[in-house]
Amino acid sequence: GTYFLATRHEASPKAEFEPNEHGISLLPGLTAVPARIEFGELLADEPLTRSASLRAYNYEIADVTIDAISASCGCTVAEIKLPVTIRSGEQIEFPVRLSIGPGIEAGPLRREVRLHVGKATTIVPVHAEIVRSPQVVAKPACIEFGTVGSWERPSTSIELLCPIPSEVEFV
């Protein structure tokens with residue numbers, strides 16, 4: 001299913017949404033931008049790390065303290081020293097890092113970062129699409145012309161197959 005940034009209060013398992021011009025509200029008066037972190041397409045063939053910035057704005061009259069941050073797995077990390085207090089009318093910005101290793105399965109990658117403020121937990125979805133590098137196969141794999149004189153210009157055709165739908169550039 002599709003995830004949106006939402007606050008889940010312990011008293012109510014139903015997510016509460018409070019959209020405003022800056023995104024979806026984390027808590028009354030606290031808003032995060034972006035509402036979801038999208039890393040786009042990432043190649044599965046080699047280890048890589050990508051980072052994105054997450055900003056939290058405090059529109060509350062009182063200060064708000066983020067007590068803890070957790071993630072759905074070890075590959076997703078929010079890099080911030082905790083606890084952190086956001087004063088009324090101010091904002092903080094911190095990086096969220098996604099690291100993947102070679103051999104990860106191709107397909108949608110859905111992770112999340114959870115911000116804990118008191119008894120409320122806010123979920124920030126982290127999405128990527130893991131893709132494989134296209135492998136091009138030539139048919140026939142080998143072309144044998146035999147003995148050819150220097151005056152001859154032999155030719156043949158080969159078929160190039162790419163089992164993964166993609167654009168391939170030959171240089």
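Predicted model: local features only at pLDDT ≥ 70, side-chain atom pairs only at ≥ 80, totals over all residues.
V148 lies in the loop that connects β15 (137-139) with β16 (159-161).

**Nonpolar core**
- The largest nonpolar core holds 27 residues, and L42, V96 and L98 are the members that touch the most others.
- Two or more residues of this core come from each of β6 (37-43), β7 (48-58), β8 (64-66), β11 (84-86), β12 (91-100), β13 (107-117) and β14 (120-131).
- β12 supplies the largest share of the core, with 5 residues.
- Leaving out residues up to four places away in sequence, L42 touches L48, R50, L98, I100, A128, E129, I130 and V131.

**The loop between β12 and β13**
- E105 is located in the loop between β12 and β13.
- E105 counts as exposed because its relative accessible area of 66% is over the 50% limit.
- Beyond its neighbours within four places in sequence, E105 is in contact with I130 and R132.
- I130 is also among the residues that L42 touches.
- A separation of 7.1 Å is found between the C-alpha atoms of E105 and A44, which are 61 residues apart along the chain.

Methods:
Residues numbered from 1 in each chain as written. Heavy atoms only, no water. Helix = DSSP H or I, 4+ residues; strand = E, 2+ residues; numbered from the N terminus. Core = buried A, V, L, I, M, F, W, Y, C linked by side-chain atoms within 4.5 Å. Buried < 20%, exposed > 50% of the residue type's maximum accessible area, 1.4 Å probe, protein only. Contact = heavy atoms within 4.5 Å.
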